[in-house]
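Here are some brief notes to read beside the model. They cover the aromatic rings, the sheet and the core.

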Amino acid sequence: MDKARLIEATAHRAAPEGGRSLTVEDVERVCDALFGTVERAGVIAEALEQDEKVILGSFGGFRRNDRDAAFDPGTALTEYLRGETR
C-alpha cells in the first residue's frame with residue numbers, strides 16, 4: 001500500500017457510520033505531521049531525536065536504536081497478524 005492508498009483508506013475508515021469521511025487533504029496533513037516528509041521531519045522523528053519513545057497503545061511503538069529508528073510491534077498488531085484476535 002502506497003501513501004496515497006493509505007491516506008484514502010484512512011479518510012474512508014475515519015468516517016462515523018452514516019457520516020461523512022474526512023477529506024483526503026486533512027488525512028494527508030495529519031500523516032505528514034506524524035511521519036514527516038522529505039522537507040520536514042514529523043513529530044515521531046522529532047521525538048526519537050530527543051531519545052523519547054513513541055508508544056501507540058497496543059499497536060506498537062517507535063524507539064531510537066543507536067542512530068536508527070526501530071519499530072516494536074505491540075500485542076494487538078502481533079495477534080492480528082497471527083490470526084489470534086479476540
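**Notes on rings, sheet and core**

1. F59 is partly exposed, because its relative accessibility is 41%. The cut-offs: buried is under 20% relative accessible area, exposed over 50%, partly exposed in between (1.4 Å probe, protein chains only). F71 also falls in the partly exposed class, at 32%. F62 is buried at 18%.

2. This is a predicted model: local features need pLDDT of at least 70, side-chain atom pairs count only at pLDDT 80 or more, and totals for chains, interfaces and linings use all residues. Residues are numbered from 1 along each chain as its sequence is written, and side-chain values use heavy atoms, without hydrogens and water.

3. The whole structure holds two aromatic pairs. F59 and F71 are tilted, 5.5 Å centre to centre with 50° between the planes. Phe, Tyr and Trp rings (six-membered ring for Trp) pair with centres within 6.5 Å; under 30 degrees is stacked, over 60 edge-to-face, the rest tilted. F59 sits in the loop between β1 and β2, F71 in strand β3, twelve residues apart.

4. F62 and F71 are also tilted, at 5.2 Å and 55°.

5. The open sheet runs β1-β2-β3, with antiparallel pairing. Strands are DSSP E runs of at least two residues, helices H or I runs of at least four, numbered from the N terminus. Pairing takes at least two DSSP bridges. Six bridges join β2 (residues 60-65) to β3. F71 is the bridge partner of F62.

6. The largest nonpolar core has five residues: I44, A47, L48, V54 and F62. Helix α3 (residues 43-49) supplies three of them. Core members are buried Ala, Val, Leu, Ile, Met, Phe, Trp, Tyr and Cys residues joined through side-chain atoms within 4.5 Å.
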